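Here is a short report for a first look at this chain. Keep the sequence and the structure in view as you read.

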Amino acid sequence: MKEIVVSGIRSTGYLHLGNYFGAIQNYVKMQEDFNCYFFVADYHALTTHPDPKELKPNVYRVIAENVASGLDPNKVALYAQSDIPEIPELYLMLNMLAYKGELEKTASFKDKARSQPDNINAGLLTYPSLMAADILIHKAHKVPVGKDQEQHLEMTRNFAGRFNHRYGDLFPEPTAFNFGEQLVKIPSLDGKGKMSKSENENATIYLADEDDKIRKKVMKAKTDGGPTEANTPMPDYIENIFMLMKLVSSEEHYNQFLNNYNNCEIRYGDMKKQLAEDMIKFVSPIREKAVAMQNDIPLLQKILAEGKDKARESASKTLSDARKMIGINY
Ligand code: TRP
């Protein structure tokens, strides 16, 4: 039997190359070898009170961008969290096993409480138990997440262990998982940190960016006069440009510019032009497919409906066992 993988995708913000290479590409590889449940975490998004007018287009866009990037709804269950009523029911049960103290000291809660002091709601506090419910409802073994989610995953294991200890063995304790090598961090174009949804928009390439926008952003990437001595170590911002080139350009182009660098013959203008064109070749088919899908509401609804059926089949079994074990079977 295939191992079970669960992952949640945030419904806020546009997907960018960092998401593509960091997460989506992992999902696409996993869909072949694992029994995958991927969902849009729209309930989690409610913790920050998003504009109701924006919620639906955001969810549709996330689905479209993931499918356009290669996620196959015929191979995985792709659904909206809020379509699975078993999740909030398990969340309620897990909340009885989650302690105020541990929830309060979760790093993500402390960050949010600091950044939005006027909205420290109970959903924010219990974010980890909702995430645990997302994962445990399918008895997942593996959860493809980045470093920032490891604490939540550890809490998931704790809640699972507490349930098993109190009521009997039901849940495996899931572990973080990344396909292949270590996590790739996709650098931003300004040499400061990585591509990100919320910060440095101009240094981040989004899957929705038009060709011209990609050109502009790439051409603005930070460079300098180039090395004057052979085999000078690269400054961070130059290394970043090479790294991006490695992801989207041909080996030939990459090696050519690397040689130029080492021989002090590099022309960053030419390199960025090449990078921009290769980036466009990479992004534009995804963008076009995603836009077409977002205009095909019946298709999106069909994908969500099928994902919901697959996810509920697994979720209802787990929940019915949990209810019986707790003693709710009148
Ligand atoms: N908390 C995750 C994030 O911010 C999203 C998420 C919600 C998730 N539920 C999940 C990820 C379950 C993995 C499994 O990215």
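How many residues of domain 1 are in contact with how many residues of domain 2? In this predicted model, 12 residues of domain 1 are in contact with 13 of domain 2. Contact means heavy atoms within 4.5 Å.

## Basis of the model

The model is predicted: local features need pLDDT of at least 70, side-chain atom pairs count only at pLDDT 80 or more, and totals for chains, interfaces and linings use all residues. Residues are numbered from 1 along each chain as its sequence is written, and side-chain values use heavy atoms, with hydrogens and water left out.

## Two domains

Domain 1 covers 4-177 + 296-326, and domain 2 covers 201-291. These bounds come from an automatic or database domain assignment. The C-alpha centres of the two domains lie 34 Å apart.

## The interface

Domain 1 and domain 2 bury about 1,100 Å² between them. Buried area is the accessible area (1.4 Å probe) that two parts lose on being put together, summed over both. Carbon and sulfur atoms give 81% of this area. On the domain 1 side, Leu17, Phe21 and Ala68 supply 48% of the area buried against domain 2, more than any other three residues.

Polar contacts join 2 residue pairs across it, both at pLDDT 80 or more. A polar contact is a pair of N or O atoms within 3.5 Å; within protein, one must be able to donate a hydrogen and the other to accept it, and residues adjacent in sequence count only if both atoms are side-chain atoms.

Two elements give two or more residues to the domain 1 side: α1 (17-33) and α3 (52-68). Helices are DSSP runs (H or I, at least four residues), numbered from the N terminus.

## Inside helix α1

Asn19 sits in α1. Asn19 counts as buried because its relative accessibility is 18%; buried means under 20% relative accessible area (1.4 Å probe, protein chains only). The Asn19 side chain reaches the backbone nitrogen of His16 at 2.9 Å.

Ile24 also lies in α1. Its relative accessibility is 2%, so Ile24 counts as buried. Leaving aside neighbours within four places in sequence, Ile24 is in contact with Leu15, Asn19, Asn66, Ser69 and Leu207. Ile24 and Ser69 are 45 residues apart along the chain, yet their C-alpha atoms are separated by 7.2 Å.

## Helix α8

Helix α8 spans residues 127-136 and is mostly covered. Of its 10 residues, 10 are buried, including Tyr127, Met131 and Asp134.

Definitions and conventions: Buried means under 20% relative accessible area, exposed over 50%, partly exposed in between (1.4 Å probe, protein chains only).
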